[in-house]
Amino acid sequence: MAVEHYEKVWHNGEFIPWSGATIHVASHVVSYASCLFEGIRCYETPQGPAIFRLKEHTDRLVNSCKIYRMDLDYTRAQLEQAMVELVRANGIKACYIRPVVFRGLGEVGVNPLKNPVEIYLLAWKWGRYLGENATKDGVEVCVSSWHRMAPNTLPALAKAASNYMNSQLIKMEALTNGYVEGIALDSTGHVSEGSGENIFLVHGGKIFTPSLASSVLPGITRDAVTTLAQELGYTVVEQTLAREMLYLADELFFTGTAAEITPIRSVDRITVGKGQPGPITRKLQERFMSIVQGHAEDKYGWLTFCNQPVAATR
Ligand SMILES: Cc1ncc(COP(=O)(O)O)c(C=O)c1O
């Protein structure tokens with residue numbers, strides 16, 4: 001997929017052209033994957049472009065950096081302001097924002113502590129991540145032969161580039177075998193997450209999702225969906241989930257910034273429920289999309305409207 005990018009890139013406090021956003025191959029990140037990043041959607045709404053859960057994404061980025069002992073020269077408020085300015089400067093209506101923080105050129109050994117920390121904010125267009133009709137019709141997936149990272153190996157709570165080498169193995173295996181996506185188990189064989197999505201299942205009217213102890217990224221869409229499900233009167237349980245629950249679920253769906261809420265029709269060619277998006281999945285999709293697209297009241301304060309002055313929350 002060729003990227004339909006926006007021209008202005010924010011780099012260490014200044015706007016530079018997309019073509020100038022380059023690094024030297026001897027940069028620390030190239031050999032040692034010393035990169036933390038985010039993925040954020042900005043939605044087109046009747047009140048102009050609105051960034052979804054900017055504060056939570058910024059917090060997760062700062063947390064990821066903290067785990068890897070990376071000090072940022074910018075406060076959370078400055079980073080949030082910069083992302084709003086990125087949208088404004090590029091005249092964007094809707095986009096995907098990709099903040100990247102990494103160790104640049106300097107020392108060439110494993111020790112990252114003397115290498116400069118670079119920050120870039122990029123924006124591009126991103127449609128339906130798992131295919132044009134994925135959110136409408138659902139997708140066919142498999143359980144991956146690759147597990148997610150074992151505890152105390154690579155921290156799953158950090159959105160770190162290194163974790164995505166594991167994600168790439170899951171994704172390539174799934175695509176090679178004719179599936180759209182793979183679901184990885186954790187190191188104990190319990191359900192973890194997709195290569196780039198969290199997972200939820202509906203069983204007996206309750207909604208389940210693996211707990212953070214199952215090597216999952218603390219997804220911001222996961223959190224939003226939990227809030228909306230509770231608002232709609234459903235019980236949401238975070239717990240360890242056996243692999244076979246994927247086959248026995250009445251409904252199954254992925255959540256993520258890129259995937260939004262994507263129903264799953266089958267796992268390992270075993271039909272999930274009736275083999276089509278279920279009623280609870282549909283209700284959550286409708287509620288979620290109506291809020292992010294500005295058609296329903298933003299009662300949780302999830303949207304940052306880029307055409308308005310950004311309220312200093314911190
Ligand atoms: C591995 C992984 N899990 C879960 C998610 C979902 O997280 P979020 O909803 O914050 O995008 C993502 C996407 O960022 C991901 O890459």
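How much volume does the largest cavity have? About 40 Å³, and a search of the whole structure turns up one cavity of 30 Å³ or more. The ligand, though, sits in the largest pocket. This is a predicted model, in which local features need pLDDT of at least 70 and side-chain atom pairs count only at pLDDT 80 or more, while totals for chains, interfaces and linings use all residues. Residues are numbered from 1 along each chain as its sequence is written, and side-chain values use heavy atoms, with hydrogens and water left out.

**The ligand and its shell**
- The ligand is surrounded by 16 residues (a heavy atom within 4 Å counts as near), and the closest are Y164, E193, I220, T221 and T257.
- By class, that shell has three nonpolar, eight polar and five charged residues (Asp, Glu, Lys and Arg count as charged; Ala, Val, Leu, Ile, Met, Phe, Trp, Tyr, Cys and Pro as nonpolar; the others, Gly among them, as polar).
- α6 (220-231) and β14 (251-256) each bring at least two residues to the shell (helices are DSSP runs of H or I with at least four residues, strands are E runs of at least two).

**Atom pairs at the ligand**
- The side chain of T221 has an N or O atom 2.6 Å from an oxygen atom of the ligand.
- For E193, a side-chain N or O atom is 2.7 Å from a nitrogen atom of the ligand.
- With R60, the distance between a side-chain N or O atom and a ligand oxygen is 2.8 Å.
- Taken alone the ligand exposes 390 Å², and the protein buries 96% of that (Shrake-Rupley method, 1.4 Å probe).

**The largest pocket**
- About 640 Å³ of space lies in this pocket (on a 1 Å grid over the protein atoms alone, a pocket is an open set with protein on both sides within 12 Å along at least five of seven lines).
- It is lined by 36 residues, and Y129, K159, Y164, S195 and G196 are the closest to its centre (a lining residue has an atom within 4 Å of a point).
- α5 gives the largest share of the lining, six residues.
- The lining divides into 14 nonpolar, 14 polar and eight charged residues.

**The largest cavity**
- Among the residues that line this cavity are D250, E251, L252, P263 and I264 (a cavity is a set of points where a 1.4 Å probe fits but cannot get out).
- β14 and β15 (260-267) each supply at least two lining residues.
- Five nonpolar, four polar and two charged residues make up this lining.

Technical notes:
A polar contact is a pair of N or O atoms within 3.5 Å; within protein, one must be able to donate a hydrogen and the other to accept it, and residues adjacent in sequence count only if both atoms are side-chain atoms. A molecule sits in a cavity or pocket if more than half of its atoms lie within 2 Å of its grid points. Grid points are joined across faces, edges and corners, and a volume is the space filled by probe spheres set on the points.
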